[in-house]
Amino acid sequence: MADNNWTDTQRFDSKASQWDANAVRAALADAVARAIIAHLPVSRPENALEFGCGTGLVSLRVAPRCGRLTAVDSSEGMLGMLNEKITAENVPNVETRLLDLSLAGAASNLGGSFDFVFSSMTLHHIPDTAAFLGLLYSHMSAGGTLAIADLDAEDGLFHDDATENVHHGFDRQALQALLEQAGFGSVSFLTAHLIEKKNREGQIASYPVFLATAVKPHI
Ligand SMILES: C[S@@+](CC[C@H](N)C(=O)[O-])C[C@H]1O[C@@H](n2cnc3c(N)ncnc32)[C@H](O)[C@@H]1O
């Protein structure tokens, strides 16, 4: 059944157990994790936040570089996979939180003032980008770094299901403007990875993935 909600938790719940088995996703997560680690703040972040952590493909690579990591996702199934890994690998510093960050007030439960916020392939699932960047800004400490990986503007054929409500990637200049409107400075972009996959029309297509980094300035 088509679900027109933006936060389609059932879709991710049903994919969770097979998520890590997809080689395209694993290669993407590996490339993004390496790019994020390369852009960690000079000093080790003490209080990091990841939004849309999924099964933890990126989280568990970045966590050892942080004091502690709060890993947030709206899908119980995806978080369940991450929780299993945390237990099996005895990961000491990752706390998972089941939250839909697009809901007004949801982030008030997050607490804390994060000095590093990162994410991979989740921004395109959040309906109001400008409001969401403002929310992240308000939960960060001055001098904190933001690192967001997501699709460059795409043809709308990346996702297999045409009924899925998503942004079709992001234009870098437009996203930079939104980051600056939210208050961030030192915005820069690099290409972290190139996804080669069959699109919804069955054609092999290339989808670049950017890493946007930005800093919450000291006022
Ligand atoms: C494409 S997956 C990426 C997962 C993971 N970052 C990775 O690279 O494997 C997007 C994730 O964002 C989560 N998500 C989507 N909308 C969300 C929201 N509003 N709040 C929190 N998590 C959300 C989904 O449940 C899913 O786990």
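Hi everyone, let's start with a helix pair: Thr129, Ala130, Leu133, Gly134 and Tyr137 in helix 5 meet Leu178, Leu179, Gln181 and Ala182 in helix 6. Contact here means C-beta atoms, placed from the backbone, within 7 Å. By class, that contact has six nonpolar, three polar and no charged residues. Ala, Val, Leu, Ile, Met, Phe, Trp, Tyr, Cys and Pro count as nonpolar, Asp, Glu, Lys and Arg as charged, and the others, Gly among them, as polar.

A quick word on the source. This is a predicted model, where local features need pLDDT of at least 70, side-chain atom pairs count only at pLDDT 80 or more, and totals for chains, interfaces and linings use all residues. Residues are numbered from 1 along each chain as its sequence is written.

Back to our helices. Helix 5 (residues 129-138) and helix 6 (residues 172-182) pack at about 45 degrees, with axes 9 Å apart. Axes are lines fitted to C-alpha atoms over the stretch in contact, and angles run from 0 to 180 degrees between N-to-C directions. Helices (H or I, at least four residues) and strands (E, at least two) are DSSP runs, numbered from the N terminus.

Seven strands form an open sheet in the order 3-2-1-4-5-7-6, with mixed pairing; pairing takes at least two DSSP bridges between strands.

Terms used
Two residues are in contact if their C-beta atoms, placed from the backbone, lie within 7 Å.
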